[in-house]
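Thank you all for coming, and please have the sequence and the picture open while I talk.

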Amino acid sequence: MHFTTNLPKTAPRSGAAASPPKVLRVLYADDVKELRDVIRLTLMREGHTVDCVVNGSEALKQLQAAPDGYDLLITDHHMPVMNGLELVTAVRALPGYHGRIMVFTSELSLHIAAAYRRLGVDQMIPKPVFPSVLRQMIAALFAD
């Protein structure tokens, strides 16, 4: 049986939206080109550097080559070759990656959502992801 969960949007911490986050190095994995373009543009306008890849396998290669090269990994869950859960599992076993992880998803089973939580994902955001919400979420994650 497959359960779908609508993951709640987490509100940014008080004052997080007022102060922009530091300049981040972001790796974004999504198989949909249009989404990669929108997220890249949104984050670059905030001053961040953004590398985009088409699946989890490509993201893992980037992180294996430079595990300390990124502050934030954003991944879609549903992708060919290697999905988001497989990517996050591999990244958590990768020595040297200390960045944050966000997962975008259109739907998850309760079992898969729990697996992401066990892996310590920092944020799970339901699609559609609006640029203003993404900026708030990133500000909240890096407000410390």
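This is a predicted model: local features need pLDDT of at least 70, side-chain atom pairs count only at pLDDT 80 or more; totals for chains, interfaces and linings use all residues.

Residues are numbered from 1 along each chain as its sequence is written, and side-chain values use heavy atoms, with hydrogens and water left out.

The protein chain has five helices and five strands, and along the sequence they follow the pattern β-α-β-α-β-α-β-α-β-α. Helices here are DSSP runs of H or I with at least four residues, strands are runs of E with at least two, and both are numbered from the N terminus. Of the 144 residues, 47% count as buried, where buried means under 20% relative accessible area, exposed means over 50%, and partly exposed lies in between, with a 1.4 Å probe and protein chains only.

In what order do the five strands lie in the sheet? The order is β2-β1-β3-β4-β5, the sheet is open and the pairing is parallel; two strands pair if DSSP finds at least two bridges between them. The edge strands, each pairing on one side only, are β2 (49–53) and β5 (123–126).

On one side, four bridges join β3 to β1 (residues 25–29), and leucine 27 has leucine 73 as its bridge partner. β3 also pairs with β4 in the parallel sense over five bridges, and here the bridge partner of leucine 72 is arginine 100. Strand β4 (residues 100–105) in turn pairs with β5 over four bridges, with valine 103 and methionine 124 as bridge partners.

Helix α5 (residues 131–141) packs on this sheet and touches β3, β4 and β5, and its direction makes about 155 degrees with that of β4. The axes of α1 (residues 33–45) and α5 come within 10 Å and cross at roughly 55 degrees. That makes α1 oblique to α5, because angles under 35 degrees count as roughly parallel, over 145 as roughly antiparallel, 65 to 115 as roughly perpendicular and the rest as oblique. Axes are lines fitted to C-alpha atoms, for helices over the stretch in contact, and angles run from 0 to 180 degrees between N-to-C directions. Where the two helices meet, Val38, Ile39, Thr42 and Leu43 in α1 face Pro131, Leu134, Arg135 and Ile138 in α5, with contact meaning heavy atoms within 4.5 Å.

Finally, two details of the backbone. Most residues other than glycine have a negative phi, and most peptide bonds are trans. Valine 81, in the loop between β3 and α3 (84–92), has a positive phi near 70 degrees, and this residue is exposed, with a relative accessible area of 68%. Lysine 127 and proline 128 are joined by a cis peptide bond, with omega at about 5 degrees, and proline 128 lies in the loop between β5 and α5.
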